[in-house]
Each structure stands twice: as structure tokens, then as C-alpha cells.
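Work through the exercises below with the sequence and the 3D structure at hand. Try each task before reading its solution.

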Amino acid sequence: MSRTGILARWGAAAFAAVLVLAGCGGGGIKNEKTGAKGSCGTLNMAINPWVGYESDAYVIGDLAKKKLGCTVDYKKLDEQVSWQGFASGTVDVVVENWGHQDLVKKYIDQQKVALDAGLTGNQGIIGWFVPPWMAKKYPDITNWKNLNKYASLFKTSESGGKGQLLDGDPSYVTNDEALVKNLHLNYKVVVGGSEAALIQSFRTAEQQKKPLLAYFYEPQWFFNEVHLVKVNLPKYTPGCDSDPAKVACDYPPYHLNKIVSKKFADSGSPAYKLIKNFHWTNQDQNTVSKYIAQGGMSPAAAAQKWINANQSKADAWLK
Amino acid sequence: MSSSVATTRPSTFDRGMLLVLRRNWRTSGIVAVVVGWIVAYWIGRGHDTLVIGGSQTTNVHDWLLRQENSIQTASATGSNPILQVTNGFATGVNDVISFIQRMTTVADLPRPVPEIGWLGLIAIVAWVAYALAGFRSTILVVVTFLLFGYLGYWQDSLDLLNITFVAVAICAVVGIPIGITMGSSSIVSAVITPVLDVMQTLPSFVYLLPIVVVFGIGPAAAAIVTLIYAIPPIIRITAHGIRNVPESAIEATTSLGQTRWQLLRKVQLPMAKRTIIVGINQSVMAALSMATIAAFISGPGLGQPVIEALSSQRVGTAFVAGLGIVLMAIMLDRTTTAASEHSETVARAGRHDVRLNRVVLGVGAVVALVLVWVSRQYLSAARFPSSPDIGKPIQHKVDDIVNWIGIHLYSVTHAIQNQFTLRFLNPFQELLANTPWYVVGVAIIVLAALIGGTRAFVYTVLCLAGIYGLGLWNESMVTLTATLVATVVVMIIGLVVGVWIGRSMMADRVIRPLLDAGQVMPPLVYLIPILALFGANRFTAMLAGLIYAAPVVIKLVADGIRGVSATTVEAAESSGSSRMQIVRKVQLPMARGSLVLATNQGLLYVLSMLVIGGLVGAGGLGLEVYRGFTQSNLAGRGLAAGLSICLLGIMLDRITQGAARRSGGAASTSS
């Protein structure tokens with residue numbers, strides 16, 4: 001019995017040997033010319049879980065790949081894990097960062113493994129939104145002071161007798177728990193899971209005229225489809241959110257920026273310059289996001305389509 | 001137990017009576033506890049429920065957070081020698097994986113394509129499958145590989161295979177020696193078993209971040225995460241195999257004066273070989289089930305499109321990618337099983353067959369080599385053709401169906417979810433989570449003692465103390481509620497379907513393949529359509545847990561029913577019992593051991609699924625674990641939640657095992 005076993009093993013070994021020989025024979029497939037402007041190497045790009053982020057990432061990635069000859073490695077990661085990647089050297093860039101003061105302190109100020117690579121040009125807004133039919137029917141709902149009056153409308157099986165405030169992906173930036181508590185709102189935060197879950201909920205709420213109060217944000221392509229109305233929380237003043245446990249004011253306006261790892265910035269990669277130069281508008285981002293989320297295009301194809309239509313903008317980043 | 005058996009044997013009659021009495025005493029005890037609990041709820045509801053605010057942390061959480069941070073700082077400065085070793089290991093694993101990738105799936109620059117094209121690769125795997133597992137496996141492997149490509153996931157499928165292969169290889173290298181040691185020493189066994197328990201019950205999200213800290217993001221970390229979950233089966237099954245080598249065989253060899261090593265090599269290992277292959281098979285299956293989790297730390301493979309589909313709610317995409325995982329699981333399962341049988345068939349084959357086999361292998365090798373050469377020469381043989389694409393049509397069809405249901409049956413699905421939650425889940429959760437914690441604690445402990453006996457009592461006290469100490473009591477009770485309710489439902493389904501397929505061969509033939517597919521389909525895949533239909537809430541998470549647990553429960557029930565001896569059933573039939581009576585009075589009572597085991601598995605499967613449910617509104621510990629993974633200041637709290645889940649799992653396991661031991665004992669007295 002062991003003879004065949006041995007035979008099979010020898011066969012496999014011989015096979016492997018011939019395989020190596022065949023490999024050395026050289027293929028008939030022509031080698032590709034390496035990147036247009038010399039060595040770029042690999043660009044490790046974090047992909048955080050919302051469509052707007054993908055738009056930024058794939059537009060940059062497409063240019064880096066086609067114009068600079070980089071190998072682009074997209075890594076689907078949550079925000080905090082991406083920052084961790086700066087420390088372990090496995091992530092080079094986060095292309096849309098929303099504040100994250102604690103992470104900035106930890107990785108930029110203390111560990112010095114990452115640095116700010118400038119603004120993306122996108123203005124970020126986070127807040128609580130209701131579908132348009134509600135704003136029409138209950139005009140005063142947009143003032144937070146009236147939220148308790150309407151709490152019973154938002155009751156669901158999940159909210160334990162209170163009104164439901166639907167939150168997004170658990171990894172998103174949020175003060176909602178503290179806000180509900182500190183503004184004495186009769187609401188319970190229920191976590192919905194993802195951007196798509198929020199969009200689906202809003203879509204259904206508008207179609208079926210069902211009440212919904214949820215966390216949402218701009219830039220966001222979905223506003224073109226359903227024009228959600230923001231609920232005004234107590235006005236934001238600088239510093240009013242410094243103690244996370246005592247926050248009782250609206251979210252700050254976010255100037256979204258790019259973060260790169262120190263190692264990558266020092267590497268002299270041409271992609272670093274591209275990332276620093278990258279700057280566009282909310283409308284640009286929404287255009288690409290819409291191709292992806294509504295048009296069902298792959299992010300790479302959507303990015304390509306935008307670049308083809310906006311050649312001059314893209315060229316300016318490559319200079 | 002069944003009185004007919006007791007009356008035919010007077011000697012066991014008294015013991016049977018005693019059992020009935022004892023059982024009645026137990027039942028009334030259980031009823032008393034539940035009544036007391038409800039009364040206490042009415043008096044003290046809402047007090048001392050240990051609710052903790054959304055972002056609040058306790059000292060224990062802060063301590064856990066500091067530990068995690070200190071690991072991070074150590075790894076950032078690179079001063080820790082242990083971390084240098086792990087980094088070296090990670091680099092090694094990454095190199096192996098990326099080597100295989102360059103050979104098979106990614107362009108090996110400056111070549112625009114991998115070294116071996118799709119045609120060559122299929123030729124190689126076909127040859128290997130033929131050599132190791134025979135002709136039928138070859139066909140299966142070739143068809144499956146072609147389907148990977150035609151479904152549109154050639155690269156992701158092979159990447160998953162790559163990671164699985166590397167993880168299982170490490171599992172085998174590390175796990176088999178550990179299993180052998182465990183099989184030969186009861187002390188080692190006693191030390192390692194709890195470690196394995198924790199590895200299998202601790203939710204993966206808990207160790208995802210620490211692993212990223214230590215091993216970096218990417219393939220190596222993905223392989224390690226997979227490994228942690230996939231290694232316990234191979235250790236356990238190897239130990240089992242070694243332990244089950246007949247005493248007589250060992251004595252015979254030791255009397256011949258063989259050394260310990262010779263004994264192992266010449267007797268124990270060959271005799272346990274088949275069992276060990278079963279262990280590898282189980283490890284492969286466990287590894288595949290981690291595919292989607294590994295994708296959360298950017299592990300390459302089919303898990304990627306699945307989690308992408310989760311965040312964009314594309315049911316069709318998730319379905320097709322999930323189909324790829326199922327196909328891979330079926331292929332690997334059947335080929336490893338065939339390989340273990342093949343080795344014996346070949347051994348028994350005559351000289352003529354051996355020669356024929358040799359010729360076929362030789363010719364096959366030449367053909368494979370030619371195809372490898374072709375796949376290096378021609379682009380069409382190197383890149384998998386993009387048409388015909390069977391993935392896209394399936395994807396669109398599934399999307400259409402789910403959209404249609406979402407639009408037209410919204411009020412129905414919404415009502416189902418609402419009614420179930422309001423009528424069953426919420427009242428039960430009130431009782432568990434909204435009663436003073438000491439009442440709930442005492443009640444659970446007494447119930448555990450009544451149902452599971454002394455050992456269960458001790459474990460329950462320890463586990464509940466741990467849960468209390470970890471500071472997430474209320475969240476734990478929310479999760480426990482969902483687990484119990486879902487398990488009740490899954491047991492009802494399990495009984496109905498299990499009895500049906502246990503009694504009918506026809507039903508078995510139709511249903512069993514579905515159950516097999518259900519067991520390997522990654523939960524995230526069916527989580528997505530459920531999410532689309534029912535929204536993000538506890539019901540959705542429970543439903544997913546239910547689907548996850550149903551196959552194993554149904555199979556265990558069916559096996560139990562089938563295990564009832566045919567003569568007993570015939571005897572009952574001849575005495576004129578109706579079918580319903582046979583099921584109720586004979587088959588179910590006699591299969592009681594299997595039913596308890598099914599409950600045990602149901603509970604643990606549902607519990608583990610509720611963690612993934614944290615992503616879609618399950619709340620409770622699942623959400624805590626996931627938040628710990630994604631929000632840096634809550635990492636300590638997430639770890640505490642993970643440990644609480646572990647403790648809940650151990651508690652439920654020990655209680656049901658205690659019950660199984662008792663019912664097993666009772667069954668043996670009546671037989």
C-alpha cells in the first residue's frame with residue numbers, strides 16, 4: 001500500500017520540478033511597461049464604510065494606478081482600524097477623515113506615525129434628519145425643543161416605550177447617546193447598522209409616510225433623491241463638545257481632511273503628492289457616489305467615468 | 001421513561017418510579033422558581049437592573065482598555081521581543097500567501113498576469129485531485145473551479161482557498177501534535193480543553209483588533225483569525241482518535257518492547273489516521289466559516305464582496321459570493337472525505353489497477369504541464385474569460401425578488417416583526433433584563449441546579465459572578481433573552497422537520513442537501529436579505545440566529561429519531577398505535593438524549609450568531625463587542641462584552657450538558 005503512496009509523492013515532486021522548468025521557459029505574454037513616472041510601489045488605501053469615502057478613494061486610486069504606475073491595494077476597514085494600520089505600517093492613507101480628535105492625539109501627536117495631508121475640500125455635516133413629508137406635516141419638528149412632543153410618533157418595537165433615534169454603523173462618529181441624555185429627550189438610540197440601512201429606512205419612511213428620526217450626514221448623494229430635513233439642535237459653539245459625556249450642542253461643521261502615514265509621506269512616492277493636491281467639491285463626490293450607489297457601477301468604473309468628464313481637475317492634482 | 005418498558009422488567013420498575021417522582025419534584029421546583037420570579041418582577045421591576053449608559057465605562061473596562069493600549073504602545077515602539085517574534089511570523093505568513101497569490105491570482109509584475117493562468121491552474125488541481133481523491137473528485141473540482149470563474153469571483157475564490165489552505169496547514173502542523181499529546185495525557189487534556197472552549201465561543205470581533213495590533217492588517221492577520229477558530233476541531237478530533245486506538249493493540253506492541261515513539265508512529269497514528277483526516281475536514285469547514293469575519297480586517301477572499309454587500313445592502317451580490325463559499329465548502333468537504341477513502345481503495349487495489357493508475361497519472365501530468373505552458377503563453381488561457389457571466393443574472397434576479405418583496409410585502413414583514421417582538425421578545429426581555437439583578441441571578445442559579453445538577457450549579461454561579469463583575473449585566477440579559485427565545489423557536493422547527501426527515505427517507509434526501517448548504521453558507525449572506533426585509537432590530541438578528549442553528553438542530557433530532565431501534569417501532573405499530581402516537585410516545589421520548597444535545601447546540605449556535613447580529617440591531621452584547629472593535633475608547637468595554645458572551649456560552653453549555661447526562665443516564669436504566 002505504501003508503494004503507491006511513495007509513487008504518488010515522487011510523482012508530485014517530479015511534477016513540481018517540471019513545473020519550475022516550464023516556468024523558466026518564459027511566457028509568450030509580453031511584460032507590461034512599468035509606470036509612466038518611475039517607481040511608485042504599492043499604495044495601501046483604507047476604504048471606510050460609506051459610499052462617499054469610496055468615491056474619493058477610487059478617484060485617487062485610479063489616477064495613481066494609471067498615471068503614476070502605482071499598485072493600489074484597497075483595504076476595506078473601519079475608521080479606527082485604519083488608524084491602527086498607520087501604526088503597524090499596513091495603511092498608507094485615509095482619504096476622508098471626520099475629525100477624530102482622540103485618534104489624532106494618539107497617532108499624530110503621541111506616536112507620530114501619521115500626519116495631516118490637507119483638506120479634501122468636502123464640507124461635512126452630521127445631524128438628525130426627518131423625511132420631507134414629516135417636515136411638511138409637522139413644521140415645528142425641526143426644532144429640537146419640540147422633539148419630546150412628537151416622541152410617541154417615533155415609537156418602535158425596539159425603543160422600549162420611548163421615541164426611536166436611528167443611528168448608523170456603530171463605527172461612525174457619534175455623540176447621540178450623550179445628546180439624548182443631556183438634552184433630556186425621551187428617545188432611545190437604536191443602531192441601524194450601515195449607510196445603506198439608513199438610506200433604505202429613509203426611502204421606506206418617505207414612500208410609506210412612516211415617521212423616522214435618524215442620524216445622517218453630508219456629503220451624501222441620497223439628498224438628490226429624497227430631500228431630508230435636518231433637525232436643529234442647540235447651536236454649535238467652538239468647545240461645546242470638548243467633554244464627550246456632557247455634549248449638549250449640535251455637531252461641528254467638519255472640514256474633511258486626508259491623513260497619511262509618516263512612513264508613506266517620507267517615502268517620496270509620487271502618490272503622496274497626488275493625495276496632497278487632491279481637492280474637490282461635495283457635488284463632485286456626490287456625482288461619483290451616485291454612479292456607485294444608484295447606478296450600480298463598480299467604484300473603479302465610477303471613478304473612471306468622473307475622471308473622463310473632469311480631465312482638467314484631475315490633471316491639476318497630478319502636477 | 002416509557003412505562004411499557006418499565007412494566008416488562010419489574011426490576012427496573014422501582015427505579016423508574018423513583019425517576020418519575022424525582023422528575024415531578026424537579027418540574028414543580030422549576031414552576032415554583034418561575035412563579036416567584038414573575039412575582040418579584042411585579043414588585044421590583046425597573047429597580048437594580050444594572051443598566052449602563054451608552055458610552056459609560058466601569059473600572060474593569062478601563063483596566064482592560066489600558067491593557068490593550070499598552071500592547072499597542074509596545075508594538076508601536078517595536079521594543080517588545082515577543083512582538084518582534086510575532087512580526088517575523090506575520091511576515092513569513094504574508095510572504096507565503098503573497099507568493100501563492102502571484103502564482104495564481106494577482107499580476108506578478110512586470111508580468112500583467114499571474115504566473116499560472118486559469119487553464120493551467122485547473123489542470124494542476126485536477127491532477128492533484130485525481131492523485132489524492134480519485135476520478136469523481138476530479139470532476140467535482142474542475143466544475144467547481146469553473147463555476148468560481150463564471151460566477152465572476154475567480155480571484156476572490158482562489159484567495160479564499162489560499163488563506164484557508166495556509167491556515168489549515170498551520171492548524172495541522174500545530175494542532176496534530178497537540179492533539180496527540182492531549183490524547184495520551186489526561187492532565188494535558190484537562191488543561192487544554194477549557195482553552196479550546198474559549199477559542200470556539202469567544203466572538204471573533206473581540207480579538208480582531210488585538211490581532212491587527214500584533215500581526216498588522218492583511219492576509220497574515222486573516223490567517224491567524226481563521227486559525228484560532230479552526231484549530232480546536234483538529235486538536236479535539238486527533239485526541240479522540242488517539243484515545244480510541246484499542247487498548248489491545250497498544251498492549252501488544254508495548255509487550256514487544258517498542259519505544260513510545262515507535263508506538264506512536266507505527267500503531268497509534270496509522271490507526272487514528274482516518275479520524276485525523278476527519279479532523280482536518282472539520283478544520284477546513286471552520287476555516288471557511290471565518291471567511292467573512294476575516295474580511296473585516298481586510299483578509300482577501302470571498303468574504304470581501306459579502307461584507308461590501310452588507311454595507312451597501314446588495315442582496316444579489318452577497319448571494320452570489322455566498323454561493324461561491326458554499327461551492328468551495330462542498331468541494332473541500334467531498335474531496336477530503338474522498339481522499340481518506342481513496343487511500344484505502346488504492347491500498348486494496350490489485351497489481352493491474354496500480355499499473356493502470358500509474359499510467360493515467362503520468363499521462364495526466366504531461367497534459368497538465370502542457371496546459372500550464374499554454375496558460376503562460378496565451379492571454380485567453382491566463383485570464384478567466386469574462387463571459388459567459390452567470391453571476392450577474394443571478395445577482396439581478398435575487399435583487400429583483402427582494403426589492404419586490406420589500407415594496408409589496410412591507411406591511412406584512414413589518415407586522416410579523418412587530419408582533420413577534422411585542423408579544424414574545426419584549427415580555428420575556430422584561431422578565432430577564434428589567435427585574436432586579438439579584439432576583440434574576442438567584443432564579444437562574446436555582447433553575448440551573450434543577451435542570452443540570454450540581455456541576456451545572458457550580459458553573460452557573462461562577463459564570464454569573466463573572467458577568468456581574470464585567471459590568472454588562474443588563475446587556476447580557478438582553479442577549480440571553482434573544483438566545484432563549486430563538487432557541488425555543490428553533491427547537492420547535494427542529495422537532496417538526498427533524499421528525500419528518502427522521503421518519504421519511506424521501507424527505508431526508510430532499511432536505512439534507514439544503515441543510516448542508518445552510519450550514520456552510522456564511523451567516524452574513526442571509527443576514528442581508530433578512531435585514532432588507534425586516535429592518536435593523538432584534539428580530540432580524542434572532543431570525544438569522546435561528547436559520548444558523550436550524551440545520552444542526554434538525555440533523556440531531558433526525559438522527560435521534562432514526563436511532564430508535566426498528567424493533568421498538570414495529571412493536572408499537574403492531575400494538576395498533578397511530579403514527580402520531582408512535583412519534584409522541586415512543587420515538588421522541590427514546591430520542592431524548594439527542595433532543596437535549598440538539599438544544600445544547602441550538603443555544604450555542606444562536607448565541608454565536610447574535611454577536612454578528614450586533615451589526616444589524618441585535619443590541620445587547622453583540623453590539624457592545626462590535627462597538628469595542630470600532631470605537632477606540634470603548635475597546636475595554638467591548639472586550640468585557642466578549643468575555644461575557646463566553647461566560648454565557650459556557651453556562652448554557654454546562655446546564656444543557658448536565659441535563660443531557662441525566663437524561664442519558666435515565667435512558668440507560670430503561671434500556
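**Exercise 1: a helix of chain A**

Task: find which residues of helix α4 (residues 101-110) of chain A are buried.

Solution. Leu103(A), Val104(A), Lys106(A), Tyr107(A) and Ile108(A) are the buried residues of this helix. Buried means under 20% relative accessible area, exposed means over 50%, and partly exposed lies in between (1.4 Å probe, protein chains only). Helices are DSSP runs of H or I with at least four residues, strands are runs of E with at least two, and both are numbered from the N terminus. Next, look past the end of the helix: Lys112(A) follows α4(A) and has a positive phi, near 55°.

The model is predicted: local features need pLDDT of at least 70 and side-chain atom pairs count only at pLDDT 80 or more, while totals for chains, interfaces and linings use all residues. Residues are numbered from 1 along each chain as its sequence is written, chains are lettered from A and ligands numbered from 1 in the order in which they are written, and side-chain values use heavy atoms, with hydrogens and water left out.

**Exercise 2: chain A as a whole**

Task: state how many helices and strands chain A has, and what share of its residues is buried.

Solution. Chain A has twelve helices and nine strands. Of its 319 residues, 54% are buried.

**Exercise 3: the interface**

Task: describe the contact of chain B and chain A.

Solution. Then take the area: the two chains bury about 5,000 Å² between them, 59% of it on carbon and sulfur atoms. Buried area is the accessible area (1.4 Å probe) that two parts lose on being put together, summed over both. On the side of chain B, Ile217(B), Leu369(B) and Arg376(B) lose the most area to chain A, together 12% of what that side buries.

Now count the salt bridges (a side-chain nitrogen of Lys or Arg within 4 Å of a carboxyl oxygen of Asp or Glu). There is one between the chains; Arg538(B) and Glu158(A) meet in a salt bridge at 2.9 Å, N to O.

**Exercise 4: one valine**

Task: locate Val34(B) and decide whether Val34(B) is buried, partly exposed or exposed.

Solution. Val34(B) lies in helix α2 (residues 10-44) of chain B. Val34(B) counts as partly exposed because its relative accessibility is 33%.

Terms used:
Contact means heavy atoms within 4.5 Å.
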